[in-house]
Amino acid sequence: MTWDCLIVGGGPAGLTAATYLGRFRRRVIVVDAGESRAKWIPVSHNCPGFPDGIAGGDLLERLRQQALLGNVDLIADTVTALRREGVEFVASASVPIRARAVLIATGIVDTLPPIPDVTNMIESGALRLCPICDAYEVIDRRIAVIGPADQAARKAVFLRTYSRDVTLLVTEPITDLDPAAGELLHGADVTVEECLPDSVRAEAHGVLVSLPGGRTLSFDTIYPAMGCTMRSKLAIDVGAAFDESGNLVVDSHQRTGIAGLYAAGDVVDEINQIAVAFGHAAIAAVDIHSYLATTE
């Protein structure tokens, strides 16, 4: 059969779009490899509608159940390739999937320090991925940011809103620090130390970092600022435009430059937030419904 819409990715953006399209009575299939970034969230107090917080896994399960109410098909699989055949798309998975429209909601993969027990550190809050999401939870704590200075400086300065004790752990010689970044950090009263990415270890109530020369520093929590990988290759291979970081370029309706191909969530150049993913999904789903109506 040919589906009205294939959604690649079962995170907040993909599942929300599926709910909308299912309620529009469209034939929708969601292919989810189970790698949503949201599953890392121990508890989010930043998700609208959950004042007491909600775990990422619980949020995803609620979104899945809501999508199923609209008769959406959800399958655990991985789309390995996508191609255009006439006015339709064909996705390579365990079995080929043919659809008239495709929404790419594949998200990103964070680059993390090589820490043996990184999963447990995230669950305990010793390692956090998003200061926009959860810096409120570490007010007045000892905070570190680790990464190359050009990527980590702004995140460290942002965190000064929440604590006077912020240290930037640069993974490059301090002598190579860009003057503009150095001035920014000095003006914000951020301490700068040189370290190695593999020097981070969990301790009983936080994080321990080894520095050159044998010194060690202890922090309540650490934020990596080491970049990420965009999961945008499927769309790029079909001809979708992308920026220098690999973000897919879309218009105000979440449309790529390829007719019938849309993108939403972290794979698009916006702040990586659940609320943003919800908004992208709603906008994309409404436009996909209209697109399908004009091509029937």
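Is Glu296 buried or exposed? At 65% relative accessibility, Glu296 counts as exposed. Keep in mind that this is a predicted model.

**View 1. Glu296 pairs up with Arg26.** The two side chains form a salt bridge, with the closest N and O atoms 2.5 Å apart. This pair links distant parts of the chain: Glu296 sits in the segment after H8, Arg26 in the loop between H1 and E2, and they are 270 residues apart. Arg26, at 10% relative accessibility, counts as buried.

**View 2. Asp32 is a buried charge without a salt bridge.** You'll find Asp32 in strand E2, which covers residues 28-32. Its nearest side chain of opposite charge, Arg64, is 4.3 Å away, and a salt bridge needs a nitrogen and an oxygen within 4 Å. A polar atom of the Asp32 side chain does lie 3.3 Å from the backbone nitrogen of Gly10. Among the residues Asp32 touches are Gly9, Ile75 and Asp77.

**View 3. Helix H1 is mostly covered.** Here 10 of the 12 residues are buried, including Leu15, Ala18 and Leu21. The buried residues pack against several elements, among them strand E1 and helix H8.

**View 4. Glu35 and Arg231 meet in a salt bridge.** Their N-to-O distance is 3.1 Å. Glu35 lies in the loop between E2 and H2 and Arg231 in the loop between E15 and H7, so the pair ties together parts 196 residues apart in sequence.

View 5. Asp237 is partly exposed at 48% relative accessibility, while Lys233 counts as exposed at 57%.

Methods
Residues are numbered from 1 along each chain as its sequence is written. This is a predicted model: local features need pLDDT of at least 70, side-chain atom pairs count only at pLDDT 80 or more; totals for chains, interfaces and linings use all residues. Side-chain values use heavy atoms; hydrogens and water are left out. Helices (H or I, at least four residues) and strands (E, at least two) are DSSP runs, numbered from the N terminus. Buried means under 20% relative accessible area, exposed over 50%, partly exposed in between (1.4 Å probe, protein chains only). Lys and Arg count as positive and Asp and Glu as negative; His and the chain ends are not counted. A polar contact is a pair of N or O atoms within 3.5 Å; within protein, one must be able to donate a hydrogen and the other to accept it, and residues adjacent in sequence count only if both atoms are side-chain atoms. Contact means heavy atoms within 4.5 Å. Lists of a residue's contacts leave out its neighbours within four places in sequence.
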